[in-house]
Amino acid sequence: MIQHLNSKSNQYALTFMFMKKKFFITTPIYYVNAKPHIGHAYTTIAADVLARFHKSQSEDVFFLTGTDEHGLNIQKKAEDAKKDPQIFADEISEEFKNYWEKLNIKYDNFIRTTDEKHKAAVQKALQTLFDKGAIYKGEYEGYYCVACEQFKNEKDLVDGRCPDHDIVVEKVKEECYLLKMSGDVQKRLIEKIESDEFKIAPVKYKKEILSFLEGQELRDVSISRKNVSWGITLPFDKEHTTYVWADAFLNYLTGLGWEGNAEKLPPQWPADVHLIGKDILRVHATIWPIMLMHLDIPLPKLLFAHGHIRSGGRKMSKTLGNAISIDEMLEKFGIDGTRYLLMSAGTFGEDVDMTMERMVEKYNADLANGLGNLLSRVLKMSEKLAVLPELDIEKKLVNTGNHLYKKDENFNEWVVDLKFDMGLRYLWDNFVRKSNLYIEEKKPWELAKVNQPEFEKVMRRLLEDILFVAYCLKPIMPDTSKKIKEAFEMKKTDGLFPRVK
Ligand SMILES: [Zn+2]
């Protein structure tokens, strides 16, 4: 027995058993200047889908999200609301948590940049950067957009206004601390992006960032503000607070319990995926990796930027009256309906366009008439079966050689690649719609009267297919997946996805 355990293959097997592959995924931490909207939900649901999927592959998953709570913008909003900035931040941060619960988001940690531990770690990291000479005292002059909390290049302005916020930018000149962005560190960053050591996806964004980095010497960036009290005080100069972005980026490490020591990194680091919206791509692809490089910390593996949600060809906005709220969607389509509609809205990485009319149409076609109808038909007909066939799809899937195994791999590839819409389309085209057509063609209710073996064969295929869909849907529509399985196990259903108007 002992000899057996010492054999080489067993040692490998044991090591393998205990060393699960890790998967660390993050969303941006959301700025608490406004309540959560559909764009926040879009990013966070996608991260949740990936986290659940990788968990189902027995990986050691850590899913981090949270809120970004410092800066002039919050300070001003809190003043307008006549609230203490901490109370203001507490309230909005709580709303994010509530929405994530409503949308069945299962994160492992919700980091807040006003957490004492985060603040202490940021100070420690900044002190290291200062001691190394990566941060130095200087002066910054530029146009500042309060809504972006970013300095803007003059050439990016439209009539003196921020192109993203359409507000007049302020000309600011002040003493500040700057982070070195050019020279060797810029050159090394270009190499890491080119080689995909620090991968930026979709590939169009990799190209965009490379051409930006190769086209100019980066300007050193200010990492502090002198007249903003709502922020983390610089450890080496109490008159300054940390610029909100420099503070926020470090959440990706402090959210794992990091205490600010560059030599003592959490085991989950580096991040496997930083999921972001394309509007914050440039800062994430320049300032953040350069901070890490100065600290000698490995870069995240993948920075994935998704597109914006538009409506009727225009940016969603309250003024235009085309904004769709999370509440509206939840009320109409339920949790899984909302998750389905967002994840199937279009290519993840491109802008997607959503209108209420089209969503109602898609919901009714794919969910009420598609999956919901299929389930109730198959359930009803399965009453005529003497015995239900073996239904443990998950067990079958681990048996190599089973035809279901291959199908599963097809779907998995789409999800791993963040092509959620393709994965869903694959399931609907090949299983949901095909099964409904197969029912029309075979008319099992007639077969049941005249040809029992044939009826059982047809039903077996239908059951396998619908349970396979339920199995694949687990990360995207967790409740639906569970309900379908339970419906067959207990031979009952409350019905899925009632039609909406
Ligand atoms: Zn702006």
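Biologist: What is the average pLDDT of the chain?

Modeller: The average is 91, and 92% of the residues score at least 70. This is a predicted model, in which local features need pLDDT of at least 70 and side-chain atom pairs count only at pLDDT 80 or more, while totals for chains, interfaces and linings use all residues. Residues are numbered from 1 along each chain as its sequence is written, and side-chain values use heavy atoms, with hydrogens and water left out.

Biologist: What makes the arrangement around the zinc ion tetrahedral?

Modeller: The zinc ion is coordinated by C145 (SG), C148 (SG), C162 (SG) and H165 (ND1), at 2.0 to 2.3 Å. Donors are N, O and S atoms within 2.8 Å of the metal (3.2 Å for Na, K and Ca); water is not among the atoms, so sites may look incomplete. Four donors count as tetrahedral if all angles lie between 85 and 135 degrees. The angles at this zinc ion are 100 to 118°, so the arrangement is tetrahedral.

Biologist: What spacing do the donors of the zinc ion follow along the chain?

Modeller: The spacing is C-x2-C-x13-C-x2-H. Helices (H or I, at least four residues) and strands (E, at least two) are DSSP runs, numbered from the N terminus.

Biologist: Why is C145 called buried?

Modeller: Buried means under 20% relative accessible area, exposed over 50%, partly exposed in between (1.4 Å probe, protein chains only). C145 has a relative accessible area of 1%, so C145 is buried. C162 is also at 1% and counts as buried.

Biologist: Where is H70, and what does its side chain make a polar contact with?

Modeller: H70 is in the loop between β3 (60-68) and α4 (72-80). Its side chain makes a polar contact with the side chain of D247, at 2.6 Å. A polar contact is a pair of N or O atoms within 3.5 Å; within protein, one must be able to donate a hydrogen and the other to accept it, and residues adjacent in sequence count only if both atoms are side-chain atoms. At a relative accessible area of 2%, H70 is buried. Beyond four places in sequence, H70 touches residues including Y31, K119 and W230.

Biologist: Which backbone oxygens lie by the side chain of K22?

Modeller: K22 lies in strand β1 (residues 22-26). The backbone oxygen of Q268 is 2.7 Å from a polar atom of the K22 side chain, and that of P270 is 2.5 Å from one.

Biologist: How do you know that helix α12 is largely enclosed?

Modeller: In α12 (residues 287-294), 8 of the 8 residues are buried, so the helix is largely enclosed by the rest of the structure. Among them are W288, M291 and H294. After α12 comes D296, whose phi is positive, near 60°.

Methods: pLDDT is the predictor's confidence in each residue, from 0 to 100. Four donors count as tetrahedral if all angles lie between 85 and 135 degrees; four count as square planar and six as octahedral if opposite donors are over 155 degrees apart and all others between 65 and 115; anything else is irregular. Contact means heavy atoms within 4.5 Å.
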